[in-house]
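Please read the following account with the model open beside it.

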Amino acid sequence: MAAADFGAGFDEEVDLLVIGAGAGGMTAALSGAIAGLKVLLCEKTDLVGGTTATSGGTTWAPGTELSRRAGVPDSAEDAAEFLRHVVGNRGGEDLRAAFLASSAEAIADLERNSEVRFVAATAHPDYLDGPGSAHGGRALAPVEFDGRLLGEDFRRVRPPRDVFMGLGGMMVGRAELGALLNPLASLANLKTTLRMVLRHFRDRIGHARGTRILMGNALVGRLFYSLRQKNVPIWFDSPLADFIRVEGEVVGAAIRTPQGLRRVRARRGVVLATGGLAWSKALRDKLFPAQIAPFSQAPATNSGDGVALATERLGAALDDGGDSAGLWMPCSTLKKPDGSFSIWPHILLDRAKPGLIAVGPDGRRFVNESDSYHDFCTGMIGAGLKEAWLIVDDAFVRRYGLGLVLPGGRGLNRLLRAGYLTRGATLEALAQAVGVDPRGLAESVAANNRFAAEGLDRDFGRGTSAMNRFNGDPEVKGNPCLGPISATGPFYALKVVPVDLASSGGLRIDPNGAVLDAAGQVIPGLYACGNDASSIFRGTYPGPGTTIGPAMVFGWRIARHAATA
Ligand SMILES: Cc1cc2nc3c(=O)[nH]c(=O)nc-3n(C[C@H](O)[C@H](O)[C@H](O)COP(=O)(O)OP(=O)(O)OC[C@H]3O[C@@H](n4cnc5c(N)ncnc54)[C@H](O)[C@@H]3O)c2cc1C
């Protein structure tokens, strides 16, 4: 079906047509409604939320009033200096300037005019040190949301990842994990545990999962609730089929709805926010390095539609994302009895702790294990590794847990039986069991133990950045990321592979979020945000929330531009 074949007859007419209900699309739709536009949001699946609903929800937004309220004032100027240091001359200064100019205002506007609420974390350091880096105030956390406010619509919120829920559907925050794992350790722990568990059991009488939702799920719940309050229609099970163009301008789109193909006129633009490259094999093959696992952490229904259609139909420019076409997390996988996989992203709970090393098949370390998940995987890619092993001793597993094994060693035997991780009585036996060079591993462990005694990682500088130390063990004096690995077994190895958490390559946009063609010209009537737009950080990963932050801020900017253009 050629884009121009639709002619002028329309089934529906709106100001702004938004495609995809994740952080980017929901923010564009909500901000459009706040700005007085008539908005329609079309979602491919029967759920809102996309990857956003399954994420941490942390939102990097420099210079907000929230940072001042939290007592850790941040400024856009500091963030600009930091980004100059991190991103340097990789291009895209105009996009970062636009982001910094609007981040505080976008968040304030959403908080003033909707139910979107954040709190600035007092301590959540940027992922790299440098002039202008922040220890707190810059990363915003969505305030928990009561899903019961959505009534029947609660079932429309995409659930979190299975591995982030306990007791068959209860969300647990990082701060609550300690209490739940040790309910009898203190009265406060007991109270927290009882409050959460009682609420959860009450919830389960009427709902398929707990209604006290956190992180990315709370952000999506809040955006959805706000859209409902503003009476923004959402068409579910309604993917974008094609664009409608008149004389080079995108004037609307054809949507495949359960009632058939509907032609929607969009007077002020169409916004693509379908979640980036994700599962598109063609786009992954084109842009991702060979080391990346052949699966994504995005929902399987995120199949790269927006990017593919805009490039194929409209000649939109596909940007390779700068240093990296994707943003990565090292993940371990558990094969479930039904043949499906649980994916555990090693975000922060274990990698940075003292007494863990990561090695390749040669038994050698290749990276600072405590660096950000993206930089850890960049280290893997640089070393040509498709897989690596996290190596720890028994005391480590019992103290910190490892992936799906919880602190205290909970779940260890079950997960060993399931083949999730491997145990060896000696380092040599462990190395042989997982196919790692025993000599290399023995030498790496010996070096780790020397570095731990010295408090200095002479190979990779582990524990030297604020973010490294933040995720280390505060009870370990000296270097909180370095600790010895025991001389006696058992030892454990857990395989990790690099998996995309977001794409960085995507459609080239201008500071208004307008999509550009290969010649750098605006394609009139077409916008993109979220992962459909290429990352403004050019393949670097400056800090926590640096995909959702720009997704929301550009969603907001697009709505403002569409309302005033
Ligand atoms: C474990 C994990 C934790 C993360 N934590 C964070 C974090 O704390 N902070 C952060 O910044 N980033 C985080 N990320 C990354 C972040 O989740 C994503 O970058 C972000 O959510 C992408 O938002 P989006 O709006 O672009 O896409 P999505 O949220 O994926 O939304 C896209 C939507 O478009 C719909 N869609 C797809 N195709 C079509 C079509 N043809 N027509 C209509 N609709 C369509 C999809 O169904 C989906 O609902 C995390 C990722 C993972 C995997």
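**Around the ligand**

The shell around the ligand holds 40 residues, of which G20, G22, G50, G56 and G530 come nearest; a residue is counted as near a molecule or strand if its C-beta atom, placed from the backbone, lies within 6 Å of it. Two or more residues of this shell are given by each of the elements α1 (23–34), β20 (491–503) and α16, and α1 gives the most, with 3 residues. Helices (H or I, at least four residues) and strands (E, at least two) are DSSP runs, numbered from the N terminus. By class, the shell is made up of 13 nonpolar, 24 polar and 3 charged residues, where Ala, Val, Leu, Ile, Met, Phe, Trp, Tyr, Cys and Pro count as nonpolar, Asp, Glu, Lys and Arg as charged, and the others, Gly among them, as polar.

This is a predicted model, in which local features need pLDDT of at least 70 and side-chain atom pairs count only at pLDDT 80 or more, while totals for chains, interfaces and linings use all residues. Residues are numbered from 1 along each chain as its sequence is written.

Two of the elements that contribute to the shell can be followed further. Within helix α1 lies A23, which counts as buried because it has 32 C-beta neighbours inside 10 Å; a residue is buried if 20 or more other C-beta atoms lie within 10 Å of its own, exposed if 12 or fewer, and partly exposed in between, with C-beta atoms placed from the backbone. Leaving out residues up to four places away in sequence, A23 touches T52, L219, G530, I548, A551 and M552, a contact being a pair of residues whose C-beta atoms, placed from the backbone, lie within 7 Å. The C-alpha atoms of A23 and V220 are separated by 7.0 Å, although the two residues are 197 residues apart along the chain.

**Domains and nonpolar cores**

The domain assignment of the protein chain gives domain 1 (158–215) and domain 2 (327–500), with bounds that come from an automatic or database domain assignment. The C-alpha centres of domain 1 and domain 2 lie 27 Å apart.

In the largest nonpolar core, which has 162 residues, L17, A253 and V271 touch the most other members; such a core is a set of buried Ala, Val, Leu, Ile, Met, Phe, Trp, Tyr and Cys residues joined through C-beta atoms within 7 Å. This core draws at least three residues from each of domain 1 and domain 2. Apart from neighbours within four places in sequence, V271 is in contact with L16, V18, I19, G25, A28, Y527, C529 and I558. A second, separate core of 5 residues includes F451, A452, C481 and L482.

**Residues in loops**

I509 is placed between β21 (506–507) and β22 (514–516), and with 29 other C-beta atoms within 10 Å it is buried. With residues up to four places away in sequence again left out, I509 touches A514, V515, L516, A528 and A533. I509 and L318 are 191 residues apart in sequence and 9.8 Å apart in space, C-alpha to C-alpha.

**Backbone geometry**

A cis peptide bond, with omega of about 5 degrees, joins G489 and P490, and P490 lies in the loop between α15 (466–471) and β20. M215, although not a glycine, has a positive phi of about 50 degrees; M215 is found in helix α7 (residues 215–229) and is buried, with 22 other C-beta atoms within 10 Å. D237 is likewise a residue other than glycine with a positive phi, near 50 degrees, and is found in the loop between β10 (234–235) and β11 (240–246). D237 counts as partly exposed because it has 14 C-beta neighbours inside 10 Å.

Notes: Contact = placed C-beta atoms within 7 Å.
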